[in-house]
Amino acid sequence: MKKMSLNILLVDDERDILDSLTYLLESEGYKVYTGSNKAEAEKIVKEKDVHYAILDYVLEDITGVQLAKILHKKNEN
């Protein structure tokens, strides 16, 4: 039985964390899009079909909670 492919947005400003989590999630069959700030996250949500987002709580330019609200408004699905 084939697992449904889910697309995950992963946002963190620490490259090592992005790389580690991307590897882990992709090894489980997920498609992962990564960004390190608000602008990159917004661009990904605009261009890609994202099902879930995993956001760092403290980013350089915004908090993860604030970013989640912005991204949800851009893509309410």
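A salt bridge here is a side-chain nitrogen of Lys or Arg within 4 Å of a carboxyl oxygen of Asp or Glu. I am working on a predicted model.

**Entry 1: salt bridges**

I searched the whole structure and found three salt bridges. I began with E42 and K74. Their side chains meet in a salt bridge, at 3.7 Å from N to O. This pair links distant parts of the chain. E42 lies in helix 2, K74 lies in helix 3 (residues 64-74), and 32 residues separate them.

I then looked at K38. It forms a salt bridge with E42, and the closest N and O atoms are 3.7 Å apart. Both residues sit in helix 2 (residues 38-47). They are four residues apart, so about one helical turn separates them.

I put these two pairs together. K38, E42 and K74 are linked in a network of salt bridges.

**Entry 2: exposure in the network**

Is E42 buried or exposed? I looked up its relative accessibility and got 18%, so E42 counts as buried. The cut-off for buried is under 20%. K38 comes out at 27%, so I noted it as partly exposed. K74 has a relative accessible area of 52% and is therefore exposed.

**Entry 3: the pair in helix 1**

I moved on to R15 and D19. Their side chains meet in a salt bridge, with 3.1 Å from N to O. How far apart are R15 and D19 in helix 1? They are four residues apart, which means about one helical turn. R15 has 49% relative accessibility and counts as partly exposed. D19 is also partly exposed, at 41%.

I found an open sheet of three strands in the order 2-1-3, with parallel pairing. On average, neighbouring strands are turned by 20° against each other, direction ignored.

I looked at one pairing in detail. Strand 1 (residues 7-11) and strand 2 run parallel and are joined by five bridges. In strand 2, V32 stands opposite I8.

**Entry 4: helix 1 on the sheet**

Last, I asked which strands helix 1 (residues 15-27) touches. It packs on the sheet and touches strand 1, strand 2 and strand 3. Its direction makes about 170° with that of strand 2.

Methods
Residues numbered from 1 in each chain as written. Predicted model: local features only at pLDDT ≥ 70, side-chain atom pairs only at ≥ 80, totals over all residues. Heavy atoms only, no water. Pairing = 2+ DSSP bridges. Helix = DSSP H or I, 4+ residues; strand = E, 2+ residues; numbered from the N terminus. Axes fitted to C-alpha atoms, helices over the stretch in contact; angles between N-to-C directions. Contact = heavy atoms within 4.5 Å. Buried < 20%, exposed > 50% of the residue type's maximum accessible area, 1.4 Å probe, protein only.
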